[in-house]
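The overall make-up comes first, followed by two residues and their surroundings.

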Amino acid sequence: MAKLMCLCFIILTIAVAVSADECEGDRRAMIKECAKYQQWPANPKLDPSDACCAVWQKANIPCLCAGVTKEKEKIYCMEKVAYVANFCKKPFPHGYKCGSK
């Protein structure tokens with residue numbers, strides 16, 4: 001039984017580490033390809049590049065949204081983030097919370 005518990009713990013630890021790495025990779029790609037379309041000021045809203053949309057399509061959005069803090073919202077305009085999500089055909093579901101929005 002102890003071996004089974006230990007194995008489960010190891011598998012869970014690996015899964016969390018892989019998930020964290022994936023989220024960090026998505027975050028870096030999002031900054032590289034999409035930051036200029038999502039930063040303040042709220043207007044004008046620019047249509048994102050194909051490269052930005054490719055990142056949006058592949059990104060783990062719930063993981064990225066979980067990392068949105070008040071400090072990050074001083075840099076990124078969540079209204080523009082939603083605009084980019086819609087433009088890239090991966091909109092947030094109605095009522096979805098990302099950061100404070």
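Starting at the N terminus, the elements of this predicted model run α-α-α-α-α. That gives five helices and zero strands in the chain.

Of the 101 residues, 28% are buried. The chain exposes about 7,000 Å², and 66% of that area is supplied by carbon and sulfur atoms.

Glu73 belongs to helix 4, which spans residues 70-73. Is there a salt bridge to Glu73, or none? There is none, although Glu73 is buried: the nearest side chain of opposite charge is that of Lys101, at 5.4 Å. A salt bridge would need a side-chain nitrogen of Lys or Arg within 4 Å of a carboxyl oxygen.

Gly99 lies in the segment after helix 5, the helix of residues 78-87. Gly99 counts as buried because its relative accessibility is 18%, and the cut-off for buried is under 20%. Between the C-alpha atoms of Gly99 and Met78 there are 7.8 Å, with the two residues 21 residues apart along the chain.

| Residue | Residues touched |
|---|---|
| Glu73 | Trp40, Val68, Met78, Gly99 and Ser100 |
| Gly99 | Cys65, Val68 and Glu73 |

Technical notes. Residues numbered from 1 in each chain as written. Predicted model: local features only at pLDDT ≥ 70, side-chain atom pairs only at ≥ 80, totals over all residues. Heavy atoms only, no water. Helix = DSSP H or I, 4+ residues; strand = E, 2+ residues; numbered from the N terminus. Buried < 20%, exposed > 50% of the residue type's maximum accessible area, 1.4 Å probe, protein only. Areas by Shrake-Rupley, 256 points an atom, 1.4 Å probe, with all protein chains shown as cover. Lys, Arg positive; Asp, Glu negative; His and termini not counted. Contact = heavy atoms within 4.5 Å. Lists of a residue's contacts leave out its neighbours within four places in sequence.
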